[in-house]
Structures are given as C-alpha cells and as structure tokens.
Amino acid sequence: MVAVCVPAAYAAAPPAPAAPAAPADGLDRYHRQRLVWGSCVKGPDDTAGRDLDRAGVSCADVTVPLDYADPRGRTITVAVSRLKATDTRRRIGAVLLNNGGPGGTAVESPPHIRKAMKEVGARYDIVGFDPRFVGRSTPLNCGWPVGTAWFSAGSGRAGFDRQVALQKDLADKCRAAGAPVLPHISTRNTARDMDVIRGALGERRISYLGYSYGTYLGTVYTQMFPGRYDRVVLDGAVTPGDYKARLMQGAEPENERALSDWAAWAAGRHDTHGLGRTRAEVLATVEGIVAASARGPLTVGTAPDVFRLDDTRIPLILFMGIADDTDRARTALAEQVSALAKAARGRPAPLSPDFAQLLRYALTGEQAATGGVQAAIICGDVGAPRDPEVYWRDIERSRAAHPLFGPLTNNINPCAFWDRPREDLTRVRRDAAVLIVAATGDPRTTYRSSVALHELLPSSKLITLENANRHGLYGEYGNACVDDEVNAYLATGKLPKEDRTCGTVSSSD
C-alpha cells in the first residue's frame with residue numbers, strides 16, 4: 001500500500017485543567033495502593049504470558065471497588081501489564097490501552113503498540129489492561145452456548161421468534177451466573193477503574209489509546225475526569241449518540257459498500273476462488289448461500305470441524321469478514337464464502353484452521369465468557385426496547401433497502417431482557433483536545449460517527465484515511481501517513497493545526 005500524505009504545521013493543544021489532588025471520596029486507598037509487578041504467566045499453558053515476559057512486560061493486579069458508591073464493600077481486581085520506558089531521561093508518561101469490543105483484552109498489547117510507536121515508544125510506559133470481568137481480571141462466565149449474541153433475525157418470523165427465545169435465554173444465563181455483579185459492569189465504572197490505575201501508577205495525568213468501543217470509553221473518561229488525561233488518540237471513533245444496544249443499527253450502507261467492494265475484488269480472482277467473474281456474480285453467489293441457508297441449515301466443514309449454519313448465522317459471518325480490506329483479509333473471506341458455497345450445494349469441504357476457529361468462537365460455548373461480558377457492558381450502559389415487536393417492525397422495515405444486513409443490525413439482543421442501567425449514558429458536555437483517526441469506509445464505527453464526535457469536541461483534530469473499508473488503523477493497517485501523524489502527536493503533545501487527510505493508492509498489505 002502506498003500512502004499519500006501532505007505535510008502540515010502543528011499547533012499546541014489547549015492546556016488541560018490542572019490535575020486534582022488525590023480523591024477524598026473514600027477512594028484514597030485504591031489510588032495509593034502499591035502494585036506488585038511480576039511475571040505475566042498465570043499457569044503452565046499460558047503461552048501469552050510467557051510471550052509477555054520475554055518481551056520485557058511485567059504484570060500486576062489493581063484492586064478496585066465493585067461498587068464505587070460503596071468503596072468499603074466488595075473489591076475486584078483489574079489485570080494490568082506494563083512495558084516500561086527505556087528512554088527515562090525523556091520519559092513522557094504512561095499511555096493506557098483499550099482495544100475495543102466491548103470486552104476486548106489489552107494486557108497482551110504493549111509490545112505491539114511499542115513497535116507501532118517507533119522512536120517515541122521508548123519514552124512511554126505502555127500499559128495494557130483487561131477491563132473489569134474481562135480476560136485476566138476478576139472473571140464472569142455466563143455459560144453461554146455461543147460466543148456472541150449478535151445474530152441476524154433471518155428471513156422470516158420463525159427465525160426471529162427463535163432469536164427472541166435465544167436472547168432471553170442468554171440474558172437469563174448471565175443473571176443466574178452473575179446477578180450481584182451485573183449492575184456494576186458498565187463503561188462508567190471501567191472509566192473509574194482507569195482513574196484508579198492512573199493513581200496506582202503514580203501519574204497525575206495519563207495518556208490513552210483506544211480503538212472502536214475503546215473510543216467511547218476514552219470519551220467517557222475525558223468527561224468524567226477532566227484534568228487527569230494528557231494525550232488521547234481515538235481510532236475508529238463512535239460518538240456517544242451512536243452508542244446504543246443495537247450497536248450496528250444505522251451502519252448498513254457502509255457494510256453493504258464494503259461487501260460490494262470485496263465482491264469486486266473477488267471477481268478479479270475467480271480462477272482462484274470460483275465465486276463469479278463480476279461483482280454482480282459474486283454478490284449473487286452470496287445471495288444464493290443466504291437463500292439456501294434459509295431453506296435449512298447448511299452443513300459447513302468436515303469432521304472434526306462440522307457446523308450447522310442457518311440464515312441467522314450466515315450474515316454474521318459475512319459481517320465479520322468485511323471490516324478489513326487488505327488482500328490477506330479479503331482472501332480469508334473469499335475462502336470462507338467458497339466453503340459456504342460448497343455447503344449450499346450439499347458438498348461440505350474441509351475448513352481452514354482460521355475459519356474453523358472463527359466458527360467455534362461464534363457458534364459454540366468455547367468463548368462464552370467473551371460474549372457474556374460484551375453483552376453485560378453494552379446492556380449495563382444503555383437501555384433497550386423491551387417489546388420484541390419493536391424489533392420485528394424495525395427488521396421488516398429494513399428489508400427492502402437492506403435485505404442482508406438490516407435483519408442483523410436491527411435484531412433483538414440480550415439487552416431487551418436486561419435490568420435497566422443504573423446510570424444514564426454519558427453525554428459530551430466538556431471539550432477535549434483529542435486526536436480522532438477514522439477511515440471513510442469503516443463498516444463498524446462509521447466515518448459519520450467519527451465526524452460527529454469531532455464536532456462535539458471543538459478542540460479535537462481529525463485524521464481521515466480515504467478509500468479504505470477498514471476498522472482500526474494506527475499500527476494495524478500499515479498506512480505511514482496515519483501512523484506518522486499519531487506518533488508526532490504522541491511525541492510532542494501538539495495536535496495538527498488543521499484536520500488532515502491521508503490517502504491510499506491500494507490496500508494490499
């Protein structure tokens with residue numbers, strides 16, 4: 001991929017308010033706790049922990065209150081990792097990481113981010129953390145039979161009714177497994193945990209790098225703790241007004257565009273993947289797969305990796321595959337669609353290891369903890385309609401314009417059966433001088449949403465990557481223009497004087 005980038009001058013960001021003294025609300029003991037840093041290995045099979053140890057990362061547990069309204073009550077732990085600055089003479093501070101999800105881990109991320117930061121990485125303590133009840137933190141496992149709740153309603157009422165029953169069962173399982181903690185799983189409490197981490201690290205202010213949902217978390221932190229943050233990068237940003245129980249509602253055009261662009265790419269490789277020689281032919285192949293799965297579940301794969309996929313599952317597989325327009329990702333999706341096409345013809349074929357792993361994640365209980373915590377965060381943040389007919393009407397209205405993705409983005413989910421959130425959704429009432437990074441074709445957190453957040457934060461600056469159907473850019477996509485802009489900001493603390501636009505000639509990396 002060739003990046004096109006026009007140089008620009010830099011101007012100092014508006015100064016943040018002075019950092020407050022240690023909290024006087026009963027949280028002092030948490031902010032002043034002494035962290036015990038040591039090995040990241042949790043057991044004999046913890047290869048990720050061994051990799052972190054080899055990379056020079058240390059790990060610790062931060063104690064936080066389960067309920068911030070009762071700081072003397074039950075406590076939980078939040079797992080953190082740290083790759084310390086090596087250029088101590090020019091040390092800038094600590095940067096905290098969140099990879100999105102919600103429910104994504106970041107304990108394993110410091111080595112990767114150090115590499116992305118290039119020379120400036122040596123000047124930071126790079127700190128990953130697993131949010132409350134995620135990964136290595138105090139766990140919650142709802143015991144789900146699937147790894148995600150975000151399925152399509154399918155082509156008819158029968159499929160939707162099965163979804164209603166499934167989503168209610170998923171909510172009931174989480175309530176049975178974690179009723180005492182569910183009210184305390186929320187983005188606002190994760191932001192409070194971040195501030196405890198800041199205090200425990202001994203930092204007056206902390207920098208932050210968040211992707212996807214992590215941009216919403218970062219925005220919430222700026223609103224709840226003004227004066228306690230330094231440099232903030234929000235990659236693939238979502239404005240709070242777009243953060244809702246049906247996270248992808250409204251993103252149908254971006255997803256359809258990404259699928260269409262992928263189809264054009266696949267058409268140029270028909271001799272390899274056999275999906276059609278034109279964009280229209282490839283899309284017809286996709287439509288045929290969905291239609292076949294609506295008539296009855298497809299048998300996908302061969303022993304030992306055999307899965308049954310109906311028209312509530314197939315759209316999810318496509319949705320997951322179109323958030324990256326690099327050749328590698330597009331090839332993986334083409335291989336998946338080829339396997340689905342064979343299954344639609346009644347000729348299941350062996351699956352690639354990656355596709356088998358993806359299906360195990362989504363369709364079995366192998367990743368039950370991940371799906372349950374993701375739902376707990378979203379449903380703990382924002383209320384949802386309770387009446388299934390509201391969802392059905394939205395699904396039916398969406399079919400004409402968005403027959404594939406409308407029944408997915410408008411479908412019911414566990415939040416319809418969740419207890420109401422304890423706190424209102426965070427709104428932006430304070431300006432924040434942050435750097436927002438966004439791709440024009442992002443099919444997850446849309447470019448429209450990033451622009452809306454930029455408008456809510458007048459002191460922010462926006463780095464736009466044109467002509468990319470990609471979610472997650474900095475240090476991930478290989479665009480030198482984007483990476484250089486972010487690293488210049490992290491090095492100097494100065495935002496670009498004006499918004500910037502980066503371009504891509506191709507996205508083959």
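Reader: How many bridges join strand S7 to S8, and do they run parallel or antiparallel?
Author: In this predicted model, five bridges join S7 (residues 206-211) to S8, and the two strands run parallel; two strands pair if DSSP finds at least two bridges between them. Helices (H or I, at least four residues) and strands (E, at least two) are DSSP runs, numbered from the N terminus. The model is predicted, with local features needing pLDDT of at least 70 and side-chain atom pairs counting only at pLDDT 80 or more, while totals for chains, interfaces and linings use all residues. Residues are numbered from 1 along each chain as its sequence is written, and side-chain values use heavy atoms, with hydrogens and water left out.

Reader: Which residue in S8 is the bridge partner of Tyr208?
Author: Tyr208 has Val232 as its bridge partner in S8.

Reader: What unit do S7, helix H6 and S8 make?
Author: Together with H6 (residues 213-224), the strands S7 and S8 make a right-handed β-α-β unit, where right-handed means that, with the strands pointing away from the viewer, the path from the first strand over the helix to the second runs clockwise.

Reader: And which residue in S11 stands opposite Val233?
Author: That is Leu435; S8 and S11 (residues 435-439) run parallel and are joined by three bridges.

Reader: Is S8 mostly covered or mostly open?
Author: S8 (residues 229-235) is mostly covered, as six of its seven residues are buried, that is, under 20% relative accessible area, with exposed being over 50% and partly exposed in between (1.4 Å probe, protein chains only).

Reader: Switching to the core, which residues have the most contacts inside the largest one?
Author: They are Trp144, Trp262, Val300, Leu309 and Leu359, in a nonpolar core of 122 residues; such a core is a set of buried Ala, Val, Leu, Ile, Met, Phe, Trp, Tyr and Cys residues joined through side-chain atoms within 4.5 Å. A second, separate core of 36 residues includes Val233 and Cys502.

Reader: What does Trp262 touch?
Author: Not counting residues up to four places away in sequence, Trp262 touches several residues, including Leu275, Val282 and Arg330, where contact means heavy atoms within 4.5 Å.

Reader: What about Asp394, buried or exposed?
Author: Asp394 counts as buried because its relative accessible area is 15%. Asp394 sits in helix H14 (residues 388-398) and, leaving aside neighbours within four places in sequence, is in contact with Arg246, Gln249 and Asn410.
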